[in-house]
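Hi there,

Here is the structure I promised to pass on to you.

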Amino acid sequence: MDNQKRNYNVFFNTHTVSGIVISIGLFVCFLAGGFALFLDEINYWQEGAKREVYTTDIDYDRVLSLVEEENYEMKGRSFFIGLREDIPDYIQVSSQALTMDSTKSKESVSSEDSLAHASIFLKINPDTYHIEAREFDRENKKLGTFLYHLHYFEQIPAVGIYLAGLVALFFSFALFTGIIVHWKKIVSNFFTFRLKSSIKNLWTDGHTALGVIGIPFQLMYAITGSFFGLIIILYLPFLVIVFDNDVNKLMEAFNPVYESDPNELYVDTGVTTNSLVSKAIGDFDPEGIERVSAQITDYGEPNAQLKVTTQLNDLKYFFGTTHTTYRMADGKLLNYKPVEENSYTEVATQTMAKLHFAQFGGYLIKAVYFLLALITCFVIVSGVMIWLTAREKKTYTHKAKFNRNVGAIYLGSCLGLYPAIALFFCLVKVFPMEIDHRFSIMSNIFFLFWLAFTIYAYFLKSPFKINKYALISASVLGFLVPVLNGLQSGLWLWKSWGMGYIDSFFIDVSWLAMSIITFWAAMVSKPVTKKPSMLKDKAIDQSFKEEPIKIRVNEPVLAANSLRK
Amino acid sequence: MPANKKYLLNTRLGRTSKILAAIFGSLFATMSFHIAAAIWTDPINALSTSLFSIFIIWPLLMLMVYWISKPWKSWTILLSITLIFGILTYLGKM
């Protein structure tokens, strides 16, 4: 019996500590990540652009001759050619640097030679076949992409993604300990929601009930998130010990190369790359194709191979990829991987990516993901609130000030992210276009606003006020988003749908809805003046389901304050 | 509500040792197991499984560290797992 008590207390403590340590980071992951699910939509909205129908006909031979005209050494290179979805779409050609002939001494290598052997990145216009850029543009100028980067802390130099990976790892630890702590009452607590009891009970019931609902979703994100963030720790041990330090051997696991017999006799019939690609995608319904890309290995050599990868629509297939490999000289089919047959490696990696990025089931799944992400945000904040409320007792009076400050900073930085994101949406529409470094100035404003709100929250102290100001500012800024978009691009809410600008319409309507719900939530939240039983407000009861993160993060401290009086 | 202190480790050394065992000890044990599995079975399939199973087994071993009350016991278990699978890996590579 004593042992059971000990286990309960130990796991309770580790659940609390690990949860508190990762809380802000995890909140950012889920809120920014929730927005980043709609990365493409946000980017199209920002540019006021219409989504084009994906075109599968690229003139591959023309692209290759374009590269050759750039005076690159072509023989022996491996190429990737494919259409990239962007605004506007472009054809990407990329190739790694060729290893220079080692017999040449360093001095005899001319600069022209080394340029010809350098790595290639070309951005080609799919309509005019003009080369638009010769280098990969690392500077991001899109809001959706910015939020996507924010959700794994890419703005923190060098270590951001590993920090995110660690947060995800401790998230799974917190999940496991949470399940153990609540295991005995997991069923009965799930059906308990004591709105009329004390505020601490309310936070606890909300935390456990919504936590239990979210377990599958959260566990999936804990595992896939650690995979994306911490994959690096697998790389070195596996490379050195299992694959004998041979990078190619390791890479082959993920990108198998079909070996053809070099002694086999065949005639170079001069088939074109275009005809091979159209042969590869010929059997599929063109409307069901998501994207097509070509990989060429050992270009110009007798054994040059062309691997055509076709990605089919993800509403029909969960793993919708096929690979078709041809020998480029005579067009012989070397290998064909049908949609239904996937190697275990492909299944493992694709499942994790598809689950993490919600790339199946279209908008409905993304909407469900977004709601579950908000629920998770609520679970995180309510966990912090339980911790704070539990420390509003007499036994903690010597630490009361410290706890209040910590609570204010936690709430300020968590709740401040929502108005900060709304502000960024407004900024991309009003900030003058011609200013240099426009996007980095805007992102600095975003971070400063977020920081300022946290500092303001620190001075405000009262969770009720922090919550209320965050909600009101977010709702005002959120309401401005569709208005400013209409003023800037002319794509007003009532016009954009009819004109075919679906993404613009979707983002505007979402912000309008979010702004209204947020405003209403701000209005119904009241400070607790007398006793916790004041909470049995009907409006609060409903709003709890609608707005999981933002509602009433306010009462506990006030409730406790009033009790103290 | 906060956990009863009498059940928790009260020495700083003990707590630090547990945290280190939970993070690094569990990582070593997990990695050695997966590498031995990759050596003795199909390396590519084993690697594909490790991509996610490492991130499940690692936190589970963390749980074990906290479940066992004495830090030195957890260290013994984790390091012997590492050692056993290390030897198995060595034998497999021979």
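This is a predicted model: local features need pLDDT of at least 70, side-chain atom pairs count only at pLDDT 80 or more; totals for chains, interfaces and linings use all residues.

The contact between the chains draws on 30 residues of chain B and 29 residues of chain A. On the side of chain B that touches chain A, α1 (12-40) and α2 (43-67) each supply at least two residues. Of the elements there, α2(B) gives the most, with 19 residues.

Next, a glycine in chain A. A:Gly144 sits in helix α5 of chain A, which covers residues 143-150. Is A:Gly144 buried or exposed? A:Gly144 has 22 other C-beta atoms within 10 Å, so it counts as buried, the cut-off being 20 or more. Leaving out residues up to four places away in sequence, A:Gly144 touches A:Ala36, A:Phe38, A:Leu39, A:Asp40, A:Ile42 and A:Asn43. A:Gln46 lies 98 residues from A:Gly144 in sequence, yet their C-alpha atoms are 8.5 Å apart in space.

Finally, a hairpin in chain A. Strands β7 (residues 321-327) and β8 (residues 333-337) of chain A run antiparallel and are joined by four bridges. Across this pairing, A:Thr324 stands opposite A:Tyr336 in β8(A). Five residues lie between the two strands of the hairpin, and A:Gly331 takes a positive phi near 70°.

Best wishes

How values were computed. Residues are numbered from 1 along each chain as its sequence is written. Chains are lettered from A and ligands numbered from 1 in the order in which they are written. Two residues are in contact if their C-beta atoms, placed from the backbone, lie within 7 Å. A residue is buried if 20 or more other C-beta atoms lie within 10 Å of its own, exposed if 12 or fewer, and partly exposed in between; C-beta atoms are placed from the backbone. Two strands pair if DSSP finds at least two bridges between them.
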